[in-house]
Every structure is written in C-alpha cells, then in structure tokens.
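Q: I am new to this structure and would be grateful for a close look at one part of it. Please take a single helix and then set it in its surroundings.

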Amino acid sequence: MLGGIFSLHSSWNDRKDTYTHEPPPLQCTRLNFRGFQFTQAMLFAIEEINNSTDLLPGVTLGYKTYDSCGSISRGVRVALALANGDRDGPLEEPCTRPAQVQAIVGETSSSPCMAIATAIGPFHIPLISHFATCACLSDKAKYPSFLRTIPSDYYQSRALAQLVKYFGWTWVGAIRTNDDYGNNGMATFTATAQQLGICLEYSVSFFRTDPPDKIQNIIDIIKASTSKVIVTFLSHMDLDVLIHQLSHHNLTGYQWVGTEGWIFDSQTAAMDRHHILDGAIGLSIPKAHVSGMREFILDIKPLKFSGDDTFRKFWETLFNCQLKQTNSSSATRRECSGFEDLSSIQNSFTDMSLMPIFNNVYKAVYTVAHALHGVLGCNTTCNTKVQLEPFTILQQMKKIRFKTKEGDEVYFNENGDPTAKYEIINWQPTETGVVTFVTVGHYDASAHKQLTLQTKSLVWARKSQKVPVSVCSEKCHPGTRKVLQKGKPVCCYDCVRCAEGEFSNTTDSVTCKRCHPEFWSNGKRDACMRKNAEFLSYKEVMGVVLTTASLLGSGMTAAVACVFFKYRKTPIIRANNSELSFLLLFSLTLCFLCSLTFIGQPTQWSCMLRHTAFGITFVLCISCILGKTIVVLMAFRATLPDSNVMKWFGPLQQRLSVLVFTLIQVIICILWLTIAPPFPFKNIKEFKDKIILECAVGSAVGFWAVLGYIGLLAMLCFILAFLARKLPDNFNEAKLITFSMLIFSVVWIAFIPAYVSSPGKFSVAVEIFAILASSFGLLICIFIPKCYIILMQPEKNTKKHMMSKGTLKSL
C-alpha cells in the first residue's frame, strides 16, 4: 500500500481561532489542477507496475491519496492518517488489506514535507517527494526517512549565484516565498553571492495568503530600487499573486531570474499578459518523456465515477459546467453530462509542460516498487510471507539503483538526494505573444565545467539582445581602485585614481600596486614605465658649458706655462721659484681636467677615479703653493744677518715636501679604495619619477679624510701666506697666495650647502663648479698678475726693480 499526499487545492480560507471551542476543519480554496496531474502520474506508475511481470510479480500495489491544500497542519494530519491506516481518503478504492502504508509519495512543497517527515520519521515510514527542494531536508539527523527525486536547492542556489555572476550582475534584488523553501534557498544564494562579489539591494519575502498591503510594500521597494535584476525563490502560486499586482503598476523591463518552482511553468506564462516576465532566465528540471503518461493523465473518465465532492468540483471547474448531482445551482454555468471530452478544451490540466515533475512522481513510485522487490526477494515470484517493515523498505530505498524504461538512472546519495542537473531556460516571446521556453544552457554539479551557456540565443527583458546591466557602481577601469561608499554594501564604491608610483592593470581593482623602485607609473596609472636615468651628460647644455670651462681652464694653464717657459730666465719667474711654479701649473692642469671625470654616466672606474684624482691633484696643487709660501718666508729670513736658513729649504727639500704632502694623500686614497671604494649608485629616493645615477662615496671616513686633508693643507697655506703678506718686496707673491687661498676657502665653504641642497645631477654640477672656480681662482690670482707684467710691463721684469725695496736674494 502506497500513500500519496498532493495539493489538490492551492490555498485555504484564513480563520480566526478563538481557542474557546474546537476549530473547524480547514476550508480549502482555489482548485489546483497540478495536484490532480501529480495524482494521475502516481496512478499511472502504479498501474504500469501492477501490469508488469518483471517487477513485483504476483504482488499488487494499492494506494491512498489525500489532499493537503498546501497546508502544513493538514499535511501532518493526513500523513498520520496514512501511517495509522485510516481508510477515509479522497481517492481510495476498496482494498482487501486496509493496513498502514509502506511509503508515502509527496508532498509538493518543502515546508509541509519538513513537518510530515518530522511526524512520521520516528516510525521510519519513507517519505519520497517529487518537488520539495529545500536543502534543509538533506539533514538526515532531522529527517531520516526523507528522500526525493528532485535535486536539492543546495545546488540550485549556487547555480543561480554562478548564473548571476556570469552575466556581471553584482547589484540585484531578491524576492522569496516566506516558507522553508524560499527562506533556506535564498539564504544559501545570499551566502554564495557574497562570496562571488554580488550584493543584494533588497531581500523581501511574502506568502500568497498575506494581506494586500504587504505585497504593495514589495512593489514600492521594487519601484524605488536601482537594480534591474530580480532573483526569485518563489513557488508558482506565490508568483501568480505577485504578477497579478505588478501588472497593475506596469513594472516591466526588469530581468527576472527564477528557480524550477516557476521558470518552466506555462500556466504562469499564460497569466503574464502584461509581459512582465519576458526574457526571464532560470533553472529547470531537465526535460523528460514517459511514454503513455500523457494519455493516462488526460484519461479522466474513471474520475467521474468517484463520489467524492472534490472530484465533482474538479470536473465542474475543468469543463466550466455544473453536474446534475450538485445541489447548488448557478445561472451562469451550463449543465454537465459527465461525459465531456477533454479534447474540446485547453487549460492548465491539459498542459503537459510539467512532464519533468510527472516523471519525478513516476520515479518515486518505481523507487518504492524496486525496494519492495528487493525486500520480498522477488525473482519469478515474490515471497509474500515476508513481514514488511517500513524501516527495512527505507534502507532498501536508500541503496536502490535502477533505470527507468526511458533510460533514466535513479539512485540517491547519502543525503537521499539525486544528482543535481538542470537546464537553463529563457522565456522568449513569439510574435503572437506566446512565450516559448528555450533551453540555452545546462548546469551539472558533478561535471568539471558546471555551467555552460549559449549566450547568442538569449532574449532579455523588453526583447533586448543586449545583456542588461545591473550594478551599483560602474566598473573601475585600469588605473583606478575601488573605495567603498560609507554605509553601503561592498558593491557600491567610488573609483579613485591610483597615486603616483602606483598602478592597477585590471578592472575593478581593490588596491593599487606599487611600481618597482626602478619604475614609475604612466599617465593613465595602468602600467609602470622604467624611470629615466639622469646624470650629467656631455650632450646637454650644462655638460657642454662645464666641459668647455674645464678645457678653457686647462688651455689657459697651458698658455701660462708656455709664457713661463719662454720667460723662465727673467727675474720675476726666477724670484718666485720657477720649479714649483711649473709643478703648480701642471697640477692646476690636472685639476681642470679631473672635473671631466664627473661628467658622463658613472661607472665603477670613473667613480674611483673622480674622487681620488680630485683629492690627489688638489693636494699636489696646494703642496706646491705651500712650498712657494714657505720659500717666501725663508727667503726673507735669509736676508737677516748670520741667517743660514735657506740651506734647510733648498730645491731638494722643496721637492721632498711636495712629495711627502702628496704621498700622504695617495696613501689615504689607497686605503679608501681598498677598504670601501666609491661605486656607482642608483638614487631612487630623491626623485619619484627618475633615477639619479651618481657615485656613492663608499667609506664616509675615507671621503672626509681626503677632503679634510685638503682643507688642512689649505688652512696651513693660508696662515703662512697671511703672515708673509707684508714682507718688503716689489712683488711679494705671498699677497697673491693669501688672496688665492681666501678664494679657495670661500668657494669650498660655499660648496657644502649648495651641494647638499642641489637635486640630482645639479649636485655633480655644483661639485664641478667648485673645482673649476677654485682652480681658476688659483690660476688667476697667482699667475695672471705675473703674466701681465711679463707681457705688458716688461720694464718691471728686471732685477733692479725687484730689489728696489729690499735685498732679496736671487732664488
């Protein structure tokens, strides 16, 4: 004996219980032709099994069916009636064994199934549903005896979220049935959507029995929303109520996304006369065909002999007439004969678009039959003496695996669920206004690529061929990043341009990446470009000017040397130590030329050369000046009586002093180059958008030792020259040395702040300028006055003139 619980009515009259007396029975309203179709599908499967010689040979299946009206309380009541063996059912034929049922097929909705499964679970009576999809029913701890032939919403909810993500809809509205099916399905969808970056602008629920003001509130929310996509977890009965209200407000143009509850329901499509749902897309049960079922469902002649009042109403509603047996009379209806032909009418009962669900009912009945076949040990015959226990049948059903006559394989996983496979359906209106359900893709939870779509064949809302756009904020293009708007979901954001030195090369980037230190972001901030390497080059104007000044200085020095060489025997040259003068001119030439090592791209050798050449040549130069200064002082003392001081500072001693002073600097430079030499360095911190190629000093101690030694010699030279500045002589070189050392000191003291504050290559230019300025200062102050006398005033270049104010010995 099989039980069946179907909703032959879709609603009921709401009543106000006073709790002062027993409440009256539930009054069902709105006849539901689908419930009758499901019942017929169950009877078809039972009849086919009873006529089969292979399945349950010698055993006949009986049935009891009840109308639950979609009500939870009524569903529990009739389930307990089936469990207790109650004979009072709406569709029950005489049976010789009025025992409790071995299994129950039904119910259609999730909430009644949850209540029924909870009530009959302790008795281990199997409940196998054809259309209850709530993922909560997979919990075997709560519903141990529940199975179903339709996939769980656990997969459908995720498939819907992937579908929404596929089309780039990140800002959607959500409407659900206020029951376990809608609430649990939408909760799973919401959780998955958040993981995929989809936000819900609103999420509202209602039930078909709710007052009109609640549905009006939902309509107001839709009107005020900015999202253009509405995701629904609704039963067809609830959607019919909502569509009826939406049609009054002409709310078209929204993209509807639906579940199997209504997406392939032709009755809902027929009700949508204002084309509100045109272009809808959603998941449906894969199409199915069961040979002979359509003819059986439409063969309703046996029903007319039923004495139950429900089937009289069914007949009258189906043919829009009134049977003679009905006591009530209606002037608007014609009289029924009871022999009307279905071929003359077309309504939801004659519509076979729900064949996939009929197939689920068919498979549910066959699941019970195969389980009984195994329990009874059927081969050519069945052992009818076996005591049938619901628990044994339930365990057999859980491990059943068979194929229907159409080739569909039926089996269940550990949660009592079948494999999740869906077709993706698109509502495409024809020129006549009739909606066709076009399959545009598939979803298979067991496949590697779960979602497959044929987007070219899609039709969207208002017959548009373009994918609707439903986002809270437009995409952030490369070069920008998303900044969330305060108090709004993560899908609502502003696009902020990446900062300098940062980039983003993807759409909707959350952060901007920082460029590599040697790179810099371009104008669009969508890529990084290598920074321009900057150094003082010979090709630029500044480099050309400094090079020219360096060559000019070395040329002037060479010219002075030529003049001195030509007039080397004249008194003014002989009186100022010609040997040191030539050595000084040579060192000045090197000073001018060493500035050239600071121009051009730094290399390992140029960095070491520029600092050591600068240090050594300047020490050589100042050593010569120091020697000349000492010569002037010693020469004056040599004129004093009994003075023999010049023998301690003759030409040999002068050469040795220059050599020793210079050798000390050479040793300092060697130690510097050995311990931590200067090296080429890429300065990426001083400027954001370019790299400064410069020479790092390596050892700071070595660098400052070189400069400090130069400064020490310059200070000593300045002091000695200052002391000798008033010696009696027509041409006292100490005055010139004093003035040249003063210029030298001023230049290098001014160099320090200028060097520190100069950016990039300008710091190198400042250093070159200091070298050239101090070199020109020495050249001009010490040698130009002598050249002037030699060339322009030769009358003063005589020994008499040189001795006019003193008896200076000839040097």
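Which residues of helix 4 are buried?

A: This is a predicted model, in which local features need pLDDT of at least 70 and side-chain atom pairs count only at pLDDT 80 or more, while totals for chains, interfaces and linings use all residues. Residues are numbered from 1 along each chain as its sequence is written, and side-chain values use heavy atoms, with hydrogens and water left out.

Helix 4 covers residues 153–166, which makes 14 residues. Helices (DSSP runs of H or I, at least four residues) and strands (runs of E, at least two) are numbered from the N terminus. From its first C-alpha to its last, helix 4 reaches 19 Å, close to the expected 20 Å at 1.5 Å a residue; the expected span is 1.5 Å times one less than the number of residues.

The buried residues of helix 4 are Asp153, Gln156, Ser157, Ala159, Leu160, Ala161, Leu163 and Val164. Here, buried means under 20% relative accessible area, exposed means over 50%, and partly exposed lies in between, with a 1.4 Å probe and protein chains only. As a general point, an α-helix has 3.6 residues a turn, so residues three or four places apart point the same way.

Both ends of helix 4 have a local feature. At the start of helix 4, a side-chain oxygen of Ser152 comes within 3.0 Å of the backbone nitrogen of Tyr154. Just after helix 4, Gly168 has a positive phi of about 75°.

Ser152 also leads back to strand 7. The side chains of Ser152 and Arg148 are joined by a polar contact of 3.4 Å, a polar contact being a pair of N or O atoms within 3.5 Å; within protein, one must be able to donate a hydrogen and the other to accept it, and residues adjacent in sequence count only if both atoms are side-chain atoms. Arg148 lies in strand 7, residues 146–148, and is buried, with a relative accessible area of 0%. A polar atom of the Arg148 side chain lies 3.0 Å from the backbone oxygen of Ala132.

Along the principal axes, the C-alpha atoms fill a box of roughly 165 × 60 × 55 Å. Of the 811 residues, 52% count as buried.

Some backbone features elsewhere in the chain may be noted. Most residues other than glycine have a negative phi, and most peptide bonds are trans. Leu56, in the loop between helix 1 and strand 4 (63–67), has a positive phi near 55° and is buried at 1% relative accessible area. Arg525, in the loop between strand 24 (519–521) and strand 25 (528–530), also has a positive phi, of about 60°, and is buried at 11%. A cis peptide bond, with omega about -15°, joins Gly106 and Glu107. Glu107 is in the loop between strand 5 (103–106) and helix 3 (110–120).

The structure holds 6 cavities of 30 Å³ or more. On a 1 Å grid over the protein atoms alone, a cavity is a set of points where a 1.4 Å probe fits but cannot get out; a pocket is an open set with protein on both sides within 12 Å along at least five of seven lines, and lining residues have an atom within 4 Å of a point. Grid points are joined across faces, edges and corners, and a volume is the space filled by probe spheres set on the points.

The second largest cavity has a volume of about 110 Å³. Its lining has 17 residues, of which Arg34, Phe38, Thr108, Phe131 and His236 lie nearest its centre. Helix 1 (33–50) and helix 7 (236–249) are the elements that give two or more residues to this lining, and helix 1 gives the most, with 3 residues.

The second largest pocket holds about 750 Å³ of space. Among its 31 lining residues, Phe703, Trp704, Leu707, Phe751 and Ile752 lie nearest its centre.
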